[in-house]
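Please read the following report alongside the sequence and the coordinates, which are shown first.

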There are 2 protein chains.
Amino acid sequence: MSRYFTEKLKNLTPYTPGEQPKDMQYIKLNTNESPFPPSQAVGEAVLRESQKLQLYSDPESVSVRERIAEIYGVKSNQVIVTNGSDEVLNFAFMAFADDKSPLIFPNITYGFYPVFAELNHIPYTEKPLKDDFTIDANDYIGANKTVVIANPNAPTGIMLSLDEIENIVKSNPDNIVIIDEAYVDFGAQSAVQLVDKYDNLLVVQTFSKSRSMAGARLGFAIGNKSLIADLNTIRYSTNPYNVNRMTDAAGAAALVDNDYYMTNCQTIIKNREWTVAELEKLGFEVLDSKTNFVFAKSDKIDGEKLYLELKNRGILVRHFTKEIICQYNRITIGTMEQMQKLIETITLILEEN
Amino acid sequence: MSRYFTEKLKNLTPYTPGEQPKDMQYIKLNTNESPFPPSQAVGEAVLRESQKLQLYSDPESVSVRERIAEIYGVKSNQVIVTNGSDEVLNFAFMAFADDKSPLIFPNITYGFYPVFAELNHIPYTEKPLKDDFTIDANDYIGANKTVVIANPNAPTGIMLSLDEIENIVKSNPDNIVIIDEAYVDFGAQSAVQLVDKYDNLLVVQTFSKSRSMAGARLGFAIGNKSLIADLNTIRYSTNPYNVNRMTDAAGAAALVDNDYYMTNCQTIIKNREWTVAELEKLGFEVLDSKTNFVFAKSDKIDGEKLYLELKNRGILVRHFTKEIICQYNRITIGTMEQMQKLIETITLILEEN
């Protein structure tokens with residue numbers, strides 16, 4: 001840290017992204033990426049834009065916003081697109097949470113929420129999950145705080161029902177409820193259908209997982225148009241050209257091929273069910289995932305040890321050191337071939353230990 | 001504004017980007033874009049990455065940072081790359097300015113500085129330019145504040161000498177001096193050569209103008225490695241994957257073709273000198289520009305009127321309503337053909353008025 005760094009942020013602990021070691025070719029099951037490449041239309045759109053990079057992108061991202069609006073049954077002024085969903089989450093924290101509307105979110109969830117809260121000097125409460133790692137909706141009902149819930153939650157993979165989400169939204173009319181649906185396309189129900197009913201609901205999604213665009217950085221939020229206007233006030237005060245030309249075009253093209261991506265999601269779900277069954281056969285306890293990853297532990301091997309043994313054998317999974325979850329590993333669901341390799345490798349590791 | 005928008009930001013006035021009207025095909029001389037497309041290597045790099053968008057980008061952007069370091073004669077840990085230079089400017093304001101180190105910058109300069117200051121609740125002083133629109137270096141020497149200077153300045157196009165910049169940096173040892181060199185490749189001297197001498201100097205540049213990548217969004221900053229580490233603390237607390245795969249690769253490829261871009265800059269300079277001479281023949285007063293734009297006014301026609309007349313005839317230039325500069329228009333330097341068309345059109349407008 002330099003002696004010039006502001007006192008205000010001296011205690012900030014940044015987010016730690018999943019590792020990307022370059023010493024060898026790994027089977028990457030640690031950052032919840034899709035194993036499927038983007039559709040052909042995406043490549044064509046990107047190539048076209050690459051010839052026009054000297055021109056600024058459309059700060060309104062009209063084309064991709066209109067397609068999102070169409071697919072999700074809302075108006076385009078109810079949609080904002082951003083440089084990944086991290087950006088719109090940060091904007092939403094800045095816009096809707098403060099000393100008077102502090103944050104509340106689970107103690108085990110997406111690791112970026114407390115970071116955004118610290119960065120923006122917003123007080124926050126972390127509510128423990130129940131013993132079975134589910135979120136207790138009662139903790140958030142009538143909380144009178146700005147609620148942030150990842151649904152399905154990460155890294156547990158467990159979802160709340162749409163009824164529970166609606167109860168939380170309905171019971172906090174004076175605060176925004178942010179539902180972060182990064183993984184919703186893998187089996188949960190989206191709250192987007194509630195945005196016209198509740199003006200305090202903001203639903204955040206991303207193209208990173210279900211639409212194979214983690215490396216393109218495209219996130220979006222859907223809500224009441226006045227919430228979207230507020231988020232645009234922040235966006236135009238931060239980086240009006242936040243989404244570059246290529247990503248903008250890639251997003252619009254991906255939505256034309258939406259069936260391709262939704263079929264891929266079904267494949268991931270099938271591979272997930274297979275993986276869960278195999279892990280259970282090996283004695284693992286696996287949480288009920290509605291995402292493109294599973295969160296699993298075994299009494300036969302320490303969580304960190306399994307992570308390290310897998311890494312030694314060329315398979316990366318994500319291990320968290322937080323005590324409550326340090327026996328677990330978060331394993332991204334890839335292709336069937338990758339999952340078979342994973343199960344074979346774990347079988348070997350267990351035999352050798 | 002929704003009733004949920006935080007009190008803290010209610011008075012925030014966002015930045016206004018240059019207009020992008022879609023009603024007809026304009027000659028766009030209003031956002032300082034390059035008239036030259038990116039080099040062939042950029043297209044190839046982007047196409048390659050477009051096939052791998054399902055994978056996250058390198059959060060360290062190693063390849064492009066190493067190439068920047070090589071070209072500018074620094075180490076790669078002295079370089080940070082961001083989603084356009086707006087992002088790193090915002091990060092720098094967050095990291096290095098606060099109540100104890102308030103900001104100081106010219107009253108006529110890049111319009112985003114006061115916006116970032118308001119967004120981050122940082123007090124700021126705007127120092128008037130001299131009557132000839134030059135920056136008075138004495139206003140910043142020993143200011144004991146966080147100094148931000150666009151060099152060359154916008155929208156005037158006028159540069160400060162490297163000696164003046166060094167005097168400002170040297171005389172503010174307890175504060176960061178940010179030199180925003182978005183336009184430096186069009187004839188000014190870069191302060192990058194001073195970063196190893198002064199640990200309080202941060203130089204910001206962009207690929208948007210001289211490297212034909214406005215639509216790709218790639219900015220960077222160079223400084224002492226401890227300053228860069230501080231900026232990375234903010235980046236990892238905001239959006240670690242801030243630069244997407246395609247832009248990252250495009251940036252690295254552009255630097256391999258650096259000669260192409262630097263030759264384009266020479267062409268722009270030549271076109272600028274021609275345009276200045278022609279405007280002066282028409283009776284315009286043109287400030288001494290070291291950028292890819294000129295800032296010009298004429299006693300024969302009101303500034304806003306000229307802007308509107310040009311727009312009616314299919315040529316966009318940038319007009320600012322701020323009183324001190326409202327008689328001027330900022331005109332981006334394009335191809336010789338575009339400049340000829342501009343001069344012809346202005347000639348006609350003046351004849352008709």
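The model is predicted. Chain A is superposed on chain B by a rotation of 180 degrees with 0.0 Å of shift along its axis, and the RMSD of this superposition is 0.0 Å. The two copies are thus related as by a two-fold rotation axis. Among the residues of chain A, A:Leu47 comes closest to that axis, its C-alpha lying at 2.9 Å.

Which residues build the contact between the chains, and how many does each chain give? Chain A contributes 68 residues and chain B contributes 68 residues. On the side of chain A that touches chain B, at least two residues each are supplied by helix H1 (40-50), helix H3 (85-96), helix H4 (112-119), helix H6 (225-235) and helix H7 (245-256) of chain A. Divided by class, this side of chain A holds 32 nonpolar, 25 polar and 11 charged residues. Because 100% of the interface residues of chain A are also interface residues in chain B, the copies meet through the same surface.

In chain B, seven strands form an open sheet with mixed pairing, and their order is E2-E8-E7-E6-E5-E3-E4. Strand E2 (79-82) and strand E4 (124-127) of chain B stand at the edges, where each has a single partner strand, so one side of each is left without a neighbour in the sheet. From one strand to the next, the twist of this sheet averages 20 degrees. Within the sheet, strand E7 (residues 201-206) and strand E8 (residues 219-223) of chain B pair in the antiparallel sense, and B:Leu202 has B:Gly223 in E8(B) as its bridge partner.

Strand E10 (residues 293-298) of chain A is mostly covered, with six of its six residues buried. E10(A) pairs with strand E9 (residues 284-286) of chain A, with which it forms a hairpin that has six residues between the strands, and A:Phe284 stands opposite A:Ser298. E10(A) is also joined to strand E12 (residues 329-332) of chain A, where A:Ile331 is the bridge partner of A:Val294.

| Strand pair | Sense | Bridges |
|---|---|---|
| E7(B) and E8(B) | antiparallel | five bridges |
| E9(A) and E10(A) | antiparallel | three bridges |
| E10(A) and E12(A) | antiparallel | four bridges |

Key: Residues are numbered from 1 along each chain as its sequence is written. Chains are lettered from A and ligands numbered from 1 in the order in which they are written. This is a predicted model: local features need pLDDT of at least 70, side-chain atom pairs count only at pLDDT 80 or more; totals for chains, interfaces and linings use all residues. Two residues are in contact if their C-beta atoms, placed from the backbone, lie within 7 Å. Ala, Val, Leu, Ile, Met, Phe, Trp, Tyr, Cys and Pro count as nonpolar, Asp, Glu, Lys and Arg as charged, and the others, Gly among them, as polar. Two strands pair if DSSP finds at least two bridges between them. Axes are lines fitted to C-alpha atoms, for helices over the stretch in contact, and angles run from 0 to 180 degrees between N-to-C directions. Copies are superposed by least squares on the C-alpha atoms of residues with pLDDT of at least 70 in both. A residue is buried if 20 or more other C-beta atoms lie within 10 Å of its own, exposed if 12 or fewer, and partly exposed in between; C-beta atoms are placed from the backbone.
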